[in-house]
Amino acid sequence: MSGAAQVVLSACHRLVADGLIQGTSGNVSQREGDGFVITPSGVPYDVITPQSMVHVGLDGVPQGGKPSSEWRMHRDIYAARAEAGAVVHTHSPYATALSCLRADIPPFHYMIAIAGGSSLRCSDYALFGTQALSDAMLRALEGRSACLLGNHGMICFGRDLADAMHRAAEVESLCQHYILACQMGAPTLLSEAEMAQVQARFKTYGPDPTKG
């Protein structure tokens, strides 16, 4: 199995340790060649191995096993978003709780920009593992790199797995903060102009990815 399989496995172990995925819920993938390497269907993360990983082509044809039931969401992100190098889908507690409200999360905090805009959108509900869910996800991801999935969880992508995992952790933290803030009252929201300033600042924030 390729090096991508080991990278995906390491990411799974980190996500479990951080409490973002558990049991057999959630799934992780990394783009590779003309497709992607993704976690298998129904294998607990405490027994998963690099050999368990499945390569799926952008044509949807798997090689070497049965991929996660949510492979369509991963495939459709890679097909639609050339900048996506990795995808993380979780049922993390706070993001999942808010997804059950089926409402977008407004700009109560500037880090909402981590999702790529001035809100963290929530998709419509559709049955897991279906093309209908993937289509709903793509609509919520227009102009975004993360979204909630109605009555389900969250999904995000990044330029690589480290980037996608960072985004998944930030989304979960934001969801926790939003729940806490709402318990104390109605949060004061940032304006579109203020969020535009944040998004502009984000373009030059952090290390230069072109330097080693």
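These legends walk through several close-up views of one predicted model.

**View 1**
Let's begin with the cysteines: how many disulfides does the structure hold? The count is 0. A disulfide calls for two cysteine sulfur atoms within 2.5 Å. Take Cys12: the closest cysteine sulfur to its own is 13 Å away, in Cys156, so the two are too far apart for a bond. Cys156 has its closest cysteine sulfur in Cys147, at 9.2 Å, and that is also too far for a bond. Are Cys12 and Cys156 buried or exposed? Cys12 is buried, because its relative accessible area is 0%, and Cys156 is buried with a value of 0% too.

**View 1. The largest nonpolar core.**
Here you can look into a core of 41 residues, the largest nonpolar one in the model. Val28, Val88, Ile105, Leu120, Leu148 and Leu161 have the most contacts inside this core. Several elements give two or more residues to it: helices α1 (3-17), α3 (93-99), α5 (161-184) and α6 (192-202), together with strands β5 (86-90), β6 (146-149) and β7 (153-158). Which element provides the largest share of this core? That is α5, with 8 residues.

Now zoom in on Leu120, one of the residues with the most contacts inside the largest core. Leaving out neighbours within four places in sequence, Leu120 is in contact with Asp104, Ile105, Ile112 and Ala115, with Ala146, Cys147 and Leu148, and with Val171 and Cys175. A separate, second core has 19 residues, including Val54, Val56, Trp71 and Ala84.

Which ones are buried in α2? They are Trp71, Met73, His74, Arg75, Asp76, Ile77 and Tyr78. You have already met Trp71, which belongs to the second core.

**View 2. The second largest pocket.**
How would you find empty space in a protein? Rolling a probe the size of a water molecule over the atoms shows where such space is left. The second largest pocket holds about 220 Å³ of space. Its lining is made of 17 residues, and those nearest the centre are Thr24, Ser25, Gly26, Asn27 and Ser69. By kind, the lining of this pocket divides into 12 polar, 4 nonpolar and 1 charged.

**View 3. Gly26, a residue at the pocket.**
Gly26 is among the residues nearest the centre of the second largest pocket, and its place is in the loop between α1 and β1 (27-32). Gly26 counts as buried because its relative accessibility is 8%, and buried means under 20%. Not counting residues up to four places away in sequence, Gly26 touches Ile21, Tyr45, His89, Thr90 and His91. Gly26 and Gly129 are 103 residues apart in sequence, while their C-alpha atoms are 12 Å apart in space.

**View 4. Two loop residues with positive phi.**
Arg102 has a phi near 50°, a positive value in a residue that is not glycine. Arg102 sits in the loop between α3 and α4 (131-140), and its relative accessibility of 45% is why it counts as partly exposed. Asn151 is not a glycine either, and its phi is positive at about 55°. Where does Asn151 lie? Asn151 is in the loop between β6 and β7, and with a relative accessible area of 33%, Asn151 is partly exposed.

Methods: Residues are numbered from 1 along each chain as its sequence is written. This is a predicted model: local features need pLDDT of at least 70, side-chain atom pairs count only at pLDDT 80 or more; totals for chains, interfaces and linings use all residues. Side-chain values use heavy atoms; hydrogens and water are left out. Buried means under 20% relative accessible area, exposed over 50%, partly exposed in between (1.4 Å probe, protein chains only). A nonpolar core is a set of buried Ala, Val, Leu, Ile, Met, Phe, Trp, Tyr and Cys residues joined through side-chain atoms within 4.5 Å. Helices (H or I, at least four residues) and strands (E, at least two) are DSSP runs, numbered from the N terminus. Contact means heavy atoms within 4.5 Å. On a 1 Å grid over the protein atoms alone, a cavity is a set of points where a 1.4 Å probe fits but cannot get out, and a pocket is an open set with protein on both sides within 12 Å along at least five of seven lines; lining residues have an atom within 4 Å of a point. Grid points are joined across faces, edges and corners, and a volume is the space filled by probe spheres set on the points. Ala, Val, Leu, Ile, Met, Phe, Trp, Tyr, Cys and Pro count as nonpolar, Asp, Glu, Lys and Arg as charged, and the others, Gly among them, as polar.
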